[in-house]
Amino acid sequence: HYLLIVYSDGVLCRLVKYAFANNQIAEVKLPASGTVDVNCPDWKSDRCLVGISSWTFPRTTYDFDAQKGTFAKSTYNTAIEYPGFKNLVSEEVQVPGHDGVMIPLSIIHGMDVTLDGSNSCLLTGYGVYGYSETPYFDIKPLSLAARGAVVAIAHVRGGSEKGEAWYRAGFKTTKPNTWKDFISCAEYLVKKGYTRPEKLAGTGTSAGGILISRAITERPDLFAAAVCTVGCANAMRLEFTPNGPVNTPEFGTVKDSAECQALFEMDGVQHVQKDVKYPAVLGVGG
């Protein structure tokens, strides 16, 4: 009797119920916030399975009765307890970017965090291919947060958190927005007292190597350390590597003058200067 629709604001999801009988739309109050999926094994009933994943708790499956609007822990749900993470919380904030555009930032930390700049912080980002960083449960960053660190995810332009335009705003000639958004998020974390530059590390993986290599070459004073994991840190030579040609539609080619200039702007290696004190960098190859 209903159509269930999952909407997203780019990071968090919400669930809406449409009733065929009267064409009315109603917001469904979810038992938790995060990434939502709906599965209806029996289309002849109004009972469905709703799965919710968060930054701080694993995917939980609920039995949802669309007619009554009620949720219950599903018999399909395997209860997994992580007592070490019970005191962790997540925040969703909007950070003003270099051009005034608001950048979504997810922050994970302990309930008792003190905003005095004393916390170690790991900031990560990607911003490529229109891929959105939505909430998911990962014990690696949570283990870090459980030991007193702050973990943050910057939803920079180049992803699709705010739609197709968000992706195109971090693409080829507009790619500088990707690492500038990352820098803005780092500045926010420092300004609000979550950390300070001497305790802030940034990380980017694969195509996120553009983000991290340019963030630290543009603002080496803002980070103490960086991890560039199998990173595209040498964008001008990327298309001459085995994985390069398939990426020219995303980043550009040196055979085009405008795209070549854009690739130069993306290239972290090309922006390394002598006598500049850069953060400690861990480069992971593979």
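Guide: Helices here are DSSP runs of H or I with at least four residues, strands are runs of E with at least two, and both are numbered from the N terminus. Keep in mind that this is a predicted model, where local features need pLDDT of at least 70, side-chain atom pairs count only at pLDDT 80 or more, and totals for chains, interfaces and linings use all residues. Residues are numbered from 1 along each chain as its sequence is written, and side-chain values use heavy atoms, with hydrogens and water left out.

Visitor: Why is leucine 211 called buried?

Guide: Buried means under 20% relative accessible area, exposed over 50%, partly exposed in between (1.4 Å probe, protein chains only). Leucine 211 has 0%, so it counts as buried.

Visitor: What is leucine 211 in contact with, leaving aside neighbours within four places in sequence?

Guide: Contact means heavy atoms within 4.5 Å. On that list are Gly125, Tyr126, Val156, Thr178, Trp179, Phe182 and Thr203.

Visitor: What makes strand S11 mostly covered?

Guide: Five of its five residues (150-154) are buried. Val150, Ala152 and Ala154 point one way, Val151 and Ile153 the other.

Visitor: How do you know that S10 and S11 pair?

Guide: Two strands pair if DSSP finds at least two bridges between them. S10 (residues 121-125) and S11 have five, in the parallel sense, and glycine 125 has alanine 154 as its bridge partner in S11. S9 (residues 102-110) runs antiparallel to S11, with four bridges.
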